[in-house]
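My notebook is open, and I want to see which side chains pair up here.

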Amino acid sequence: MVRRKSSVQLRVLTKMTPVCPFVKAARPDDASSRKPIENQNKQQTGHESKVKQESGDSASVSPKCPFGYDSQTFKLGPFSCMICQALLFQCSKCLPCSHVYCKACISRFRDCPLCGADIEKTEADTNLQDVVDRFIDGHARIKRSQVDTDQKEVAGEKKTVIYEDVSLERGAFLVQQAMRAFRANNIESAKSRLSLCAEDIREQIERMGNTSELCSQLGAVLGMLGDCCRALGDAGSAVTYFEESVNFLEKVSTDDLEIKHTLSVSLNKIGDLKYYDGDLQAARSYYSQGLNVRRNAVKHHSTVPSQILDVAISLAKVADVDKNLGNEDVAIDGFEEGIKLLEGLKLNSEEVGLEQRRLSVLEFFNSQVPKKQHD
């Protein structure tokens with residue numbers, strides 16, 4: 001009989017805030033490393049703006065959305081759902097008040113959230129949804145006409161329109177909208193935006209090859225798609241996305257901590273799904289791979305607290321499976337190694353988030369090891 005309670009507890013302890021793969025940022029739980037990066041980004045942005053102004057080169061000015069949507073600010077515009085605060089998805093109009101929301105969002109209400117009117121029924125607003133979809137299709141792109149230079153243009157002839165990405169703005173924008181929808185439990189909306197983002201990156205990979213930047217971006221987005229499928233109860237598709245995420249992230253030969261963390265998280269999530277499916281041997285295999293990734297990261301960054309905590313969490317996952325497989329001695333060794341790591345981890349007073357996680361994981365470890373052995 002598979003014991004699942006401890007693994008459920010561990011999954012709650014290891015829940016992480018996602019980081020946009022299109023923005024170089026510190027881990028969200030590592031306050032000590034965030035401030036220098038933020039200050040550096042502000043200085044760099046100010047310097048770039050000054051250079052652009054002095055050069056007067058209009059071609060170097062970043063494109064701006066006429067509706068004010070971008071990935072750097074929190075914007076609610078004419079195409080936003082006031083419930084999930086993401087772009088409208090499957091627009092549904094409330095009757096009789098005519099306010100429009102995402103179908104999944106408004107289905108949870110009996111009264112209109114904006115005006116308070118009773119909702120007699122809802123109907124699809126396909127016209128508005130078409131406008132939103134066209135806006136998303138062209139956001140942060142340059143619209144060009146495809147012209148064969150060997151042929152003369154025929155007056156009045158309809159030109160084929162193609163789109164060319166101009167920056168990382170589009171990817172960051174789509175991920176931002178997806179994360180808003182996901183947090184509001186509008187999973188289908190999040191999945192739709194992330195699918196568009198993945199499609200964009202795949203097209204760039206076809207043109208430019210498997211560059212480290214593109215592989216890391218696609219790996220992160222595929223992991224988010226796996227989260228969406230898992231939230232929808234589609235474990236099979238979730239595993240497929242996580243495995244593809246691992247495949248692309250393993251192509252990135254870098255010491256970037258965020259990439260290594262994302263790779264290990266995808267491996268652990270496959271392990272979680274195998275665990276709940278009752279395939280403990282497969283779960284252990286994936287957990288062990290995640291542990292190896294994190295051990296290698298610690299070798300090069302032994303003073304980074306979040307990396308040490310990651311190793312401890314992976315030790316807990318592997319040991320938990322060993323315990324359920326009946327390998328008690330091996331499991332206890334893993335738990336005790338994790339306890340030593342966490343008890344030796346020294347944190348600054350401002351690293352409150354990490355300290356809370358350290359104490360929570362340490363409590364889990366202590367609950368799994370007989371007291372007399374730990375003493």
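This is a predicted model: local features need pLDDT of at least 70, side-chain atom pairs count only at pLDDT 80 or more; totals for chains, interfaces and linings use all residues.

**Rings**

I searched the whole structure for aromatic pairs and got 6. For the record, rings of Phe, Tyr and Trp (its six-membered ring) pair if their centres lie within 6.5 Å; planes under 30 degrees apart count as stacked, over 60 as edge-to-face and the rest as tilted. One of the pairs is phenylalanine 335 with phenylalanine 364: the centres are 6.2 Å apart and the planes sit at 75°, so I put it down as edge-to-face. This pair joins distant parts of the chain, since phenylalanine 335 belongs to helix α12 (residues 328-343) and phenylalanine 364 to helix α13 (residues 352-368), 29 residues apart. My note on helices: they are DSSP runs (H or I, at least four residues), strands are E runs of at least two, and both are numbered from the N terminus.

Phenylalanine 335 also pairs edge-to-face with phenylalanine 365, at 6.0 Å centre to centre and 70° between the planes. Again distant parts of the chain are linked, helix α12 through phenylalanine 335 and helix α13 through phenylalanine 365, 30 residues apart. Are phenylalanine 335 and phenylalanine 364 buried or exposed? Both are buried, and phenylalanine 365 is buried as well. Here buried means under 20% relative accessible area, exposed means over 50%, and partly exposed is in between (1.4 Å probe, protein chains only).

I also found Phe79, Phe135 and Phe173 tied into a cluster by ring pairs.

Residues are numbered from 1 along each chain as its sequence is written, and side-chain values use heavy atoms, with hydrogens and water left out.

**Charges**

Side chains of opposite charge can pair when their charged atoms come close. How many salt bridges does the structure hold? I get 7, counting a side-chain nitrogen of Lys or Arg within 4 Å of a carboxyl oxygen of Asp or Glu.

One of them joins glutamate 244 and arginine 202, 2.8 Å from N to O. It links distant parts of the chain: glutamate 244 is in helix α8 (residues 235-249) and arginine 202 in helix α6 (residues 187-208), 42 residues apart. Glutamate 244 is partly exposed at 23% relative accessible area, and arginine 202 is partly exposed at 31%.

Next I looked at aspartate 227. Its salt bridge with arginine 230 is 3.7 Å, N to O, and both residues lie in helix α7 (residues 212-231), 3 residues apart, about one turn of the helix. Arginine 230 is partly exposed at 24%, whereas aspartate 227 is buried at 18%. Lysine 269 forms a salt bridge with aspartate 227 too, with the closest N and O atoms 2.8 Å apart. That one links distant parts of the chain, lysine 269 in helix α9 (residues 257-276) and aspartate 227 in helix α7, 42 residues apart. Lysine 269 is buried, like aspartate 227.

**Charge over a ring**

Lysine 251 lies over the face of phenylalanine 248, 4.6 Å from the ring centre. The rule I used: NZ of Lys or CZ of Arg within 6 Å of the ring centre and within 35 degrees of the ring normal.
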